[in-house]
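The sequence and structure come first.

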Amino acid sequence: MRSALSSFATGVAVITAREGDGRPVGMAVQSFSSVSLDPPLVCFCPARTSSSWPRIRAAGRFAVNILAADQQELCRRFAVTGGDKFAGVPWRSGGNGAPLLDGVLATVECVLEDVLDGGDHAIALGRVTALAAHREGAPLLYFRRTYGVLPSGAAGSRVAARSASSASMSSSMAAARSRSEA
């Protein structure tokens, strides 16, 4: 199963949150996806064996930090168990209090909407409360158990940095939904 499914390239993100005492917690994931435009929902699938997931779940709100191709080392830092993953990593608090990592392509702030059973993983559903695109660049990809990047020039057009509240996002997402078949 791992061999066959590793043929599907995914992006890589770091899920971050703040514990009740203010300490940041984070984990790297490749199982992140948009779920719904109306209401605005995303999901990620943490392993049940993760030591970070219970802490993120308890926080009740999190941020998805979408990594750029030049952030492999940052991904590796958040993919390991234990240690201070945030040591030396520049970040700021998002509107929901979750850490937003500097230099990422985009951030998506969420409140935890639901957690579903996914076998040896959980399916964490988040309601989007704010999002922002921060810089141009190719995404960090994961394919056949290794990191990869898109060919030069395939990363798309210029992205303007912006944030949106959930109130103004609904109308934008509804408009986008009417133009999409997915």
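## Overall make-up

The chain contains four helices and 13 strands, where helices (H or I, at least four residues) and strands (E, at least two) are DSSP runs numbered from the N terminus. The model is predicted, so local features need pLDDT of at least 70 and side-chain atom pairs count only at pLDDT 80 or more, while totals for chains, interfaces and linings use all residues. Residues are numbered from 1 along each chain as its sequence is written, and side-chain values use heavy atoms, with hydrogens and water left out.

Of the 182 residues, 36% are buried, meaning under 20% relative accessible area with a 1.4 Å probe, protein chains only. The accessible surface of the chain (Shrake-Rupley method, 1.4 Å probe) is about 10,000 Å², and carbon and sulfur atoms make up 53% of this area. Among contacts (heavy atoms within 4.5 Å) with a separation of 6 or more, 66% join residues 24 or more positions apart.

## A three-stranded sheet

Three strands form an open, antiparallel sheet in the order β1-β11-β12; strands count as paired if DSSP finds at least two bridges between them. Its edges are β1 (10-11) and β12 (146-148), each of which pairs on one side only.

Two bridges link β1 to β11 (residues 141-143) in the antiparallel sense. Here Gly11 lies opposite Leu141 of β11.

## The largest pocket

A pocket is an open set of points on a 1 Å grid over the protein atoms alone, where a 1.4 Å probe fits, with protein on both sides within 12 Å along at least five of seven lines; lining residues have an atom within 4 Å of a point. The largest pocket holds about 1,200 Å³ of space, taken as the space filled by probe spheres set on points joined across faces, edges and corners.

Its lining has 35 residues, with Gln30, Ser31, Cys45, His121 and Tyr142 nearest the centre. At least two lining residues come from each of α1 (2-5), β3 (24-29), β4 (32-36), α3 (72-79) and β11. By class, the lining has 19 nonpolar, eleven polar and five charged residues; Ala, Val, Leu, Ile, Met, Phe, Trp, Tyr, Cys and Pro count as nonpolar, Asp, Glu, Lys and Arg as charged, and the others, Gly among them, as polar.

## The cavity

The structure has one cavity of 30 Å³ or more, a cavity being a set of points where the probe fits but cannot get out.

Note on methods
Buried < 20%, exposed > 50% of the residue type's maximum accessible area, 1.4 Å probe, protein only.
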